[in-house]
Each structure stands twice: as C-alpha cells, then as structure tokens.
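Subject: Model for your files, with notes

Hello,

Here is the structure I said I would pass on.

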Amino acid sequence: MNKHHYVAIMAGGIGSRFWPMSRTNYPKQFLDILNTGKTLIQWTYERYADFIPKENIFVVTSDEYAGIVAEQLPDLPVANILGEPSRKNTAPCIAYISFKLMQQDPLASLIVAPSDHLILDTIAFKKVCLEALSFVNKHNAFITLGIKPTHPNTGYGYIQFEQHAVTDNVFKVKTFTEKPNLDLAKTFVASGEFLWNAGIFVWQVKNIIQAFEHFLPEMHEVFAAEKEKFNTAGEKEAIEAIYPQCTNISIDFGIMEKANNVYVIPSSFGWSDLGTWNSAYENFDKDYLENAVAGNNVVVIDATKCMVHVPNDKLVLLQGLDDFIVVDTKDVLLICQKSKEQEIKEYVAEVKRKKGEKYL
C-alpha cells in the first residue's frame, strides 16, 4: 500500500428517494438496503481498506451523523471522521479534505467517492482505482470513473469521451451531460461514446487545490485563509467559520465541467448508484414471480415484480399487486407504483406539508 494514497468517502446525503426507510436522522448510507448483513457505508469502507491504508481513509459527513459513522466503522480512527456544519454539496466537502491533506501530506493523491453505491466486482474496481492513481501521479490530471452503460438509464449523468486512448485505458473527456430523457439516453448508448458518471474522482491534492483557485476562487480563498488551523485543535472552529461563506455547488458543476485536464477510465465492475427503490430491486435476488422480498414473514399471492422491504417480525400478505414498491417501517407504510418512484421526493414533500417533519 502506498502511504500517499488517500480516500475520502462522502456520507452527508439524506437519501430521500429511499424514504420511508431512509430518514433525515438515519439516511440510506447507514442502512442495509439490500439485506446483505452490512450497511452501504460498511461495504464502501471495506472496499477501500483492501488497498488504501486504514489511517488514510476519511469519511466526510454531516456533524449529526458523525456518531453513526463511528459506530458503524469501529476500525476507522475517530479523527478521520470529518463533520460538516451544514450541507453545501460536494465542492466544499472536497475542498475541506483537500486543504486538510495538503497541510498533512503535500504528496497526497486522493480518491473521492460516495458512501452509498453498490460495486459487485471489487477486484476489477481495485484495478481501475490503482490505474487511476498511477495516472494522476504522473500527470496533472483529474480522473473520473465512467461505467460502460448496459441500458439507456435516465437516472444517471453521462460522460462523452474521445475515442483514442491517452494511455492503455485512459481517455480524454469531451462533455458531461446531466440526466437525459429516454430518447437522448438511447442515442448516447447507441453511439458508444458515452459512459455513466459514477461520481468517483481521482487526483493529486495539490492539483485540485489549484483548480479551486482557478474555478472557485472565493471558496479557495476562505479555505486558504484558515488552512493553518487544519490538523490542530482549531480545525472544528475554522470549518464552522468557513462553511457559511461557501456557495452550495457540486464539484461536477464547479470544476469538472470547466477544467480541460479531465480524463475517464471506462469501467465495468457491477456498479449501481442505488439511488432509488428500482435500482435496489434490480440488485436483489428475486422469487419465481420476480418479486424482490426483504422480510422473513412475507406471503405472496398473485403478485409479481414487486419490491418489498418489511420488518422480519411482521407478517405481510401481498395479493394482486404488480410492479409495486411496498416498504414498511415502524411508523410509515409506503405503497407506490414502481413507475412513480422518481416522484417519491415529491410525495415526501407532501408529507412534510401535511404532517410536518415527524415522518421525515
């Protein structure tokens, strides 16, 4: 393992599309969505601990989740759990870990990754990550991992790449596209020039800090002004002063879409961003009627293609439903057509309007 290789796992999201299992005070990265015996962040941590020194793994999360992270990842040094005082999207989160590492190890190379993705082929994943680290250590380059699309998915962003490789498996990025409509997604997949955007980035810390200075100068300035306090007793106070001054912006929009040194490695390692109940359904074992069932006491009669997630101690009888999501928690029952799952966020907003924050 290389002592200059680091990973930052971003774990601050609230996962509202997995409501009612995912709640504001206990979101999806801390849940065992796929009924595997481990939570999503535990799988993510283990994946990186295989090739990154444990002391070099950091989790950046919301202050309110720091205790949950410590509980779920007992091997992680508590000092490596970085709490954010407010949610400001991915750019401030990445600036925080980058400035902190720059003070600690100017030779640091960093993988930045979400905490709640599914990756089935961990051997292929490790190989791609090490290729990316090797490339960015030789070039002033930002690498994003692109997933070879298996179907025209409208829930993912897309990366268009140039067709001649720079080295074995590294290609220059031409464009980033936000989630397309179905017709556009079909065109993208058919062209062979597009990959799904996995939201996993690799770079040298000194180079991303330069990019902040160039593309997000105000953000760079507020972090740079306090950088001497990182890795000291004053770090927490410094972050609390910095965050209110940061704009709410993603690293994709703030830097990646503007920089001209962005590259991609086309990859296949069984990836899903597990963004929705449908994506969970796709990755579940199913019965002969294509129902995905989590729960030991479920009786299914004349029901097909349902996603069912219920407590083990509750008897649930399902009759006559086709293509539904059924999720039961101690205080909420959701029954929703699978085709309407992109609207779950709107339904949660409706619950908030009518019932307040109690069920969020």
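This is a predicted model: local features need pLDDT of at least 70, side-chain atom pairs count only at pLDDT 80 or more; totals for chains, interfaces and linings use all residues.

Residues are numbered from 1 along each chain as its sequence is written, and side-chain values use heavy atoms, with hydrogens and water left out.

Annotated spans

UniProt, in an unreviewed entry, lists residues 9-286 as "domain: Nucleotidyl transferase". UniProt positions are given in the numbering used here, feature names are shortened, and annotations may be inferred rather than shown by experiment. That span, 9-286, is 36% helix and 20% strand, and its end C-alpha atoms lie 30 Å apart. Helices (H or I, at least four residues) and strands (E, at least two) are DSSP runs, numbered from the N terminus. The unreviewed entry also gives residues 297-350 as "domain: MannoseP isomerase/GMP-like beta-helix". Residues 297-350 are 13% helix and 39% strand, with 31 Å between the end C-alpha atoms.

Helices α6 and α7

Two packed helices are described by the angle between their axes and the distance between the axes. For α6 (residues 205-215) and α7 (residues 217-226), the axes come within 5 Å and cross at roughly 125°. Axes here are lines fitted to C-alpha atoms, for helices over the stretch in contact, and angles run from 0 to 180 degrees between N-to-C directions. The two helices are therefore oblique to each other; angles under 35 degrees count as roughly parallel, over 145 as roughly antiparallel, 65 to 115 as roughly perpendicular and the rest as oblique.

On the α6 side, I209, F212, E213, H214 and F215 meet P217, M219 and H220 of α7, where contact means heavy atoms within 4.5 Å. By class, the contact of α6 with α7 has five nonpolar, two polar and one charged residues. Ala, Val, Leu, Ile, Met, Phe, Trp, Tyr, Cys and Pro count as nonpolar, Asp, Glu, Lys and Arg as charged, and the others, Gly among them, as polar.

Within α6, the residues V205, N207, I208, I209, A211 and F212 are buried. Buried means under 20% relative accessible area, exposed over 50%, and partly exposed in between (1.4 Å probe, protein chains only). The buried residues of α6 pack against α3 (90-104), β4 (109-114), β6 (142-147), β9 (194-204), α7 and α9 (251-256).

Loop residues

A cis peptide bond joins W19 and P20, with omega about 5°. P20 lies in the loop between β1 (5-10) and α1 (40-49).

Two asparagines have positive phi without being glycine. N89, in the loop between β3 (81-84) and α3, has a phi of about 75°; N89 counts as partly exposed because its relative accessibility is 39%. N231, in the loop between α7 and α8 (235-242), has a phi of about 65°; N231 counts as partly exposed at 36% relative accessibility.

N89 also turns up in the contacts of S250: leaving aside neighbours within four places in sequence, S250 is in contact with N89, T90 and A91. S250 sits in the loop between α8 and α9 and is buried, with a relative accessible area of 18%.

N153 is found in the loop between β6 and β7 (158-161), and its relative accessibility of 15% means that N153 counts as buried. The side chain of N153 reaches the backbone nitrogen of G155 at 2.6 Å. Beyond neighbours within four places in sequence, N153 is in contact with Y158, P180, A185 and W196.

Strand residues

V298 lies in strand β13 (residues 298-301). Leaving aside neighbours within four places in sequence, V298 is in contact with V293, V308, V310 and V316. From V298 to V308 the C-alpha separation is 8.6 Å, at 10 residues apart in sequence.

V326 belongs to strand β16 (residues 324-328) and is buried at 5% relative accessible area. Not counting residues up to four places away in sequence, V326 touches M307, V308, H309, V310, L318, L321, L333 and L334. V326 and D105 are 221 residues apart in sequence and 48 Å apart in space, C-alpha to C-alpha.

Regards

Methods. A polar contact is a pair of N or O atoms within 3.5 Å; within protein, one must be able to donate a hydrogen and the other to accept it, and residues adjacent in sequence count only if both atoms are side-chain atoms.
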